[in-house]
Every structure is written in C-alpha cells, then in structure tokens.
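The following paragraphs go through a structure sheet by sheet and then turn to the contact between its chains. Please keep the sequence and the coordinates at hand while reading.

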Amino acid sequence: MKARVLLVEDQEDNRRIVRDLLTSAGYELIEAVTGEDGVRLAEAEHPDLILMDIQLPGMDGYEATRRIRQTPGLTTTPIIAVTSYALSGDEMKALAAGCTAYVAKPFSPRALLATVRACLGSP
Amino acid sequence: MIDRIVRLVARVPATVHAKLLTAFLLIAVLLIALGAVGLRALIEVNRHAEELVTLQRKIAAYRQLQHDTTGQLYSVASALIVPDERTFEATLRQLNQFGYDLDRLRFVARDELELFGRARADYERFIEVVTHVVELLRGGRVAEGRELQLSQAGPLADRLERLTNELVNKAEADMVVSVESAQAAYVRSRWIVIGFAIGTIGLALVLGYAISWSLIGPVRQMEARLARIAAGDFAGRVAVANRDELGTLAANLNRMSGELGRLYEQLEAASRHKSQFLANMSHELRTPLNAILGYAELIQDGIYGEVPEKIRDILTRVQVGGRHLLGLINDVLDLSKIEAGQLKLAVSDYSLREVVHTVFTAMEPLAAEKSLNLTIALPPEPPTGRGDERRITQVLLNLVGNAIKFTEAGEVRIEAVARDNEFEVAVADTGPGIALADQERIFEEFHQADSSTTKTKSGTGLGLAIARRIVVLHGGRIWVESEVGHGATFRFTLPRRAHPDGALPETA
C-alpha cells in the first residue's frame, strides 16, 4: 500500500511541484490549502507523513502542528516543516512546535524527496 | 538665600550685556564710595594732627612768655642793685621783647582771649611801672624806685606769672583733650573704612556670584542637554528661567531638540518602511522564482517525461540563472533585515569541521570548473562552537565563492585554528590581490574592489558587507591581508561562545 502524505500549502505552484514530485515517486498525496483544513484532514485521514508550510494565512504552521500533535494517533506522525528563508530562527520554533524535521524554502525538489524518504523509507 | 538671589538675577528682564555692565558700574561706584570714605577719614586725622601742632606751638609760646616774665623781674631787680645806664638799657630792651611776645601770642591765643586780655592789661601796667622805676633810678631817687618796685612791680609780676601759668595749664589740658579726640577719631575712621571695605567686597562678591551663576547655570544645563541630544536623546527639555539671551537660547535649544526628535522619528520610520518594503518585495520576488526553479528541476529529473539532451542543457542554464537571481535577492533581503535590526542569530552548538566541510562540498565543483585547487587545513579535533551555524556557513561560502570567482589560476585554501576563546578562519587565494586603499572599502555596502572587474564578475557587492555584519553580530571581526599581485587572505574570528541574541558590547 502506498504511503500517504498530507501537504499543507497555500501556494498553488508549490502544491503542484510537490504533488508532481511525490506522486511520480510513488506516494499518495492529500492536499490542504489552509492550516484549519490541514488539521481537519490530518484527524480524518491519519496520513503517514505531513508536509507543513509554516507561513499560512490564518492559522500558521506552528499552531496547526501543535493541534495535530494533540490528536490521539498523530503524536508520532512525522511532520516536516517547510520554513521560509526570510525568517531566521523558524527552524527552532518549528522543532519546538513538534515538527520532526524541516526543509528551508526555497527547497530543491530533490532535497525534499530525500528528506521524505529519510522519514518514511522508499514506498 | 544665595540661590534666590541667583534666580532673581536670572529673571531680570534685561540682556546679559546690560546685566554685566550694571554690575561692573555698581562695583565701580562702590569702589569710588570706598575711596571717598577713606579720604574723609584721612582728612579728619590730618585735621587732628594740625590741631595738635598748633597746640604745641601755643604751649611753647606761653612757656616763652613765662620765661620772659621771670627774666623781666630779674632784670628790673638787677637794675635796682646796679643802677647804671647799661642795666637800664637792657631792662627796657627786655620790656620791648616782652611786648613782641605778647603781640605774637595774639595770633595763637584765640581760645583764651579773656585770660590773654588780662595778661595784656597787667603787662601794660607792668611796663608803665617798670619804666617809672627806671626813670626814678636814673634820677637818683633810688629809695623811691625800690619802694615802687616792691609795692607795684613785684605783685604785678607775680600776677603775670600766675596768668601765664594758667595759660600754659589750659593749653596743656587742651592738648590732652585734643590727643584723646584725635585717637577716638582715628579709631572711628578706621572702623568706618574697614566696615565699608568689607561691605563693598561682600556686595561685589554676592553680585559677581549671582550674575555669574545666573549665566553659568543655564550654560551648563544646555551643555548637558546638547550632550544628550548628541547621544540621540531628544525627549528632555531644559528649564531655564532667564529672560535674557540665554533664555532665548534655551527656548531655541528646546525647539531644535523637539524638531530633531520629530525628524529622527520620521527618518527612523522611513528607514523601517524601506527595510520592510525590501523584505516584503524580496519575499514576493522569491515566490515565483521558487516555482520556476522547482519546475525546472522536476523537468530535468524527467518527472514530466523524457527530456532531449539539448533542452536539458538549456534547463541547466535556466537553473544557474535562476539561482544567481535568488542569491542576489537573498543578499538584498539579508541586508535590509540587518539594517532594520531584524536579523537575530539562531544560536546553537555547531561543529566548525562540519561548517568547513559543507562549504568545501558546495564549492569544490566550482573550483574544479576553473581548475583551481581547493584545500582545507583544520585542527584535528576543533572544539564545539556556539553560534548561528547557517550564518557562519553563509560567511564562509561568501569568502570562498569570492576567492574562486576572482582567482584564475592556483589554489584557494581554507584554514581554521582554534584558540582558547575563539576560532580564526582564513580563506587564502592566489588571485590578483586587493590594493591597500580598497581593503576597508570592500566591506562597505555596494563596493567592489575594482569597478572594472565588476563588469566581468557579477555580484551585488553586498556579500562582504553582510559577512561583516554577521561576524560582528557574533562578536568577532573580519579583515583582509593582501598585496596587489600576491593574492589575498580574508580572515575572521568568532568567539567560541557567541551571545544568544547577538547583543554585544560596542565594537570600535
């Protein structure tokens, strides 16, 4: 069975790049545009891994991560934070909020795939 | 009390010029008055001295009179004993002499006119008697002469003697009184002069103190305020009560301070807006650029199907161009954040060895492209450092990137040494070197060493400025050692343990 990845990302292009990258690598992708959607989908779908953009309109990635971590069954799910280069120190805050790893924007698709594989193993 | 006088002088609504002139004039008037009082005392003392001299003369004259009276009696007596012509002549001469004395006394004995009048009357009588006695003796009527001498001339002479004694005594008593009054006058004058002098000096001192402090006080206040303004504090005001030029100056100083404060706030706001705008703008620029780079990589990796070799090459160029553009945007963003004071160090433990190796791995292909030798010299086991690893890597990447960019042949060498409290990292190249004049300037924003190379070597000229800010934020310093034609060595130091928020003591 394919590993399922929840992507929480508000930008269309970034979603498309990750979608094309991960589906071609053999993962199943669930997409959320806002932090609230992300939390809801995580609770409903229990994905194997979550890619969490930090800069989101409304509820941000930190808050979404904290809420997901409070849900039974999601406490150990790997969450990879996608942080913005613009805000140094985000990595620490992301890890403090409960993320497992982080990828700094601008991410190279190759580097992102490598991090996902490191967390899940090849599908 | 004295402070109240100072405040009072300060509040006088007159110019400083008028106040000073008035004070000097007042002091001059006091000095003149002091002089006048002194002079008056001198005149007084002098008058007493003259009086004493007069009295002394008078006493001498009275004594002379006394002496002459006795002489006269003696002379008449001897004429009775030796009644010859010579003795008569001498007696009459003496009588005349006695008359002169009395005439002279008329001018000095002004205070004893009554006594003197009696003495004169007695004397005239005495002359008559003596003249008569002499005539009797000349006429051979010796017994009659002696009779007259005994009955009249003797008692007259006695009375004259008593009178002259009285005159002398009175003059001497006057003398004693005069000496006492001279003494008293002297003491009085002395105290008046001393008192006046003390008063004058005291008044001059108080006046000088009040005026000088009514000027110095505000000047000091304003000086302190100006020092604070120079240090960037525009909030305070000087409270100067003076209603003169200094008061106007203080009011203007307060106005200037307020105006400067307002301008400073405007400038700060403008600078913040600019930095914020740059930060926002570069973020906005990066978003589509990220998409371009991401899609290019996916295409290149064959996600969207097989890519012909020719297109693959073009895609590589798209990516190189895109990454370059991203680097420039990141530089602008970094600098604007540093300027806005938003760049905070994310301090954690790091391995210097890992930093150097990361940079080596990233830069090795670039060096290989130009056939340059990239080498590393590291201590065997450098201790763990504490700082912002990503920013330190950024600094080293920048230095090595520059070295590779400007070196056409030879090698680029990364060296690191660990000392007690700091690391020192050096990047040495065999490039063209940097002229002494440029060695400071290249660390300033938008500067490249030789503007002619700017055309062939791309770059914003911000890399070294950012590197310097990062190193300084860590509490270290960065400099270059170079000679034109002999390569360049960039060195920077990092304290082993940087302060968590990058707040560091002022570095010169």
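**Sheets and interface**

Strand 3 (residues 49-53) and strand 4 (residues 79-83) of chain A pair in the parallel sense over 4 bridges. Helices (H or I, at least four residues) and strands (E, at least two) are DSSP runs, numbered from the N terminus, and two strands pair if DSSP finds at least two bridges between them. Within this pairing, Asp53(A) has Val82(A) in strand 4 of chain A as its bridge partner.

The model is predicted, with local features needing pLDDT of at least 70 and side-chain atom pairs counting only at pLDDT 80 or more, while totals for chains, interfaces and linings use all residues. Residues are numbered from 1 along each chain as its sequence is written, chains are lettered from A and ligands numbered from 1 in the order in which they are written, and side-chain values use heavy atoms, with hydrogens and water left out.

Axes are lines fitted to C-alpha atoms, for helices over the stretch in contact, and angles run from 0 to 180 degrees between N-to-C directions.

A salt bridge here is a side-chain nitrogen of Lys or Arg within 4 Å of a carboxyl oxygen of Asp or Glu. Because Asp20(A) and Arg16(A) are 4 residues apart in helix 1 of chain A, about one helical turn separates them. Over all chains the count comes to 34 salt bridges.

Chain B has an open sheet as well, with 5 strands in the order 2-4-5-7-6 and mixed pairing. Here strand 2 (373-377) and strand 6 (478-482) of chain B are the edge strands, each pairing on one side only. Strand 2 of chain B runs parallel to strand 4 (residues 411-418) of chain B, joined by 5 bridges. Ala377(B) stands opposite Glu415(B) in strand 4 of chain B. Helix 8 (residues 352-369) of chain B packs on the sheet and touches strand 2, strand 4 and strand 5 (422-429) of chain B, its direction making about 170° with that of strand 2 of chain B. Helix 12 (residues 463-474) of chain B packs on the sheet too, touching strand 6 and strand 7 (488-495) of chain B, at about 30° to the direction of strand 7 of chain B.

What does each chain bring to the contact? Chain A gives 20 residues and chain B gives 25 residues, contact meaning heavy atoms within 4.5 Å. Between them the chains bury about 2000 Å², 52% of it on carbon and sulfur atoms; buried area is the accessible area (1.4 Å probe) that two parts lose on being put together, summed over both.

The count between chain A and chain B is 2 salt bridges. In one of them, Glu297(B) pairs with Arg110(A), the closest N and O atoms being 3.5 Å apart. Helix 1 (12-24), helix 4 (90-97) and helix 5 (109-120) of chain A each supply at least two residues of the side that touches chain B. The largest share of that side, 6 residues, comes from helix 1 of chain A.
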